[in-house]
Amino acid sequence: MSDRPRFFDDLAGLAGNAFSAMTGAREELHSIIRTRVDEILNSLDLVRRDEFDAVQEMATRARMAQAETEARLSAIESRLTAVEELATEEKGGPQG
């Protein structure tokens, strides 16, 4: 009977060691896979999400600035047309 508890203790120790070894192997495999995936992604020359978001924000601001500039240009062109019309009217005004 005294051998039986020791047997279970040895079996529990063996199971614990096997579990530790499997955990270590899993972590090592995870590390190797992550390294390979990083290498593959780097070789594909992909853009990271934060870089993409930054460029997207810049493009949005550039479009807004372009729209504002186009509106200002349109207003300036309208004013120039009005000034040219006034100048033409003054030249061809009533002769006396």
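Guide: Helices are DSSP runs of H or I of at least four residues, and strands are E runs of at least two, numbered from the N terminus. This is a predicted model, in which local features need pLDDT of at least 70, side-chain atom pairs count only at pLDDT 80 or more, and totals for chains, interfaces and linings use all residues. Residues are numbered from 1 along each chain as its sequence is written, and side-chain values use heavy atoms, with hydrogens and water left out.

Visitor: Where is Val37 placed?

Guide: Val37 lies in helix α1, residues 3–43.

Visitor: Is Val37 buried, partly exposed or exposed?

Guide: Buried means under 20% relative accessible area, exposed over 50%, and partly exposed in between, with a 1.4 Å probe and protein chains only. Val37 counts as partly exposed because its relative accessibility is 40%.

Visitor: Which helix holds Glu84, and how accessible is Glu84?

Guide: Glu84 belongs to helix α2, residues 49–91. With 46% relative accessibility, Glu84 counts as partly exposed.

Visitor: What domains does the assignment give?

Guide: Domain bounds come from an automatic or database domain assignment. For the protein chain, that assignment gives domain 1 (7–45) and domain 2 (47–91). The centres of domain 1 and domain 2, taken over C-alpha atoms, are separated by 59 Å.
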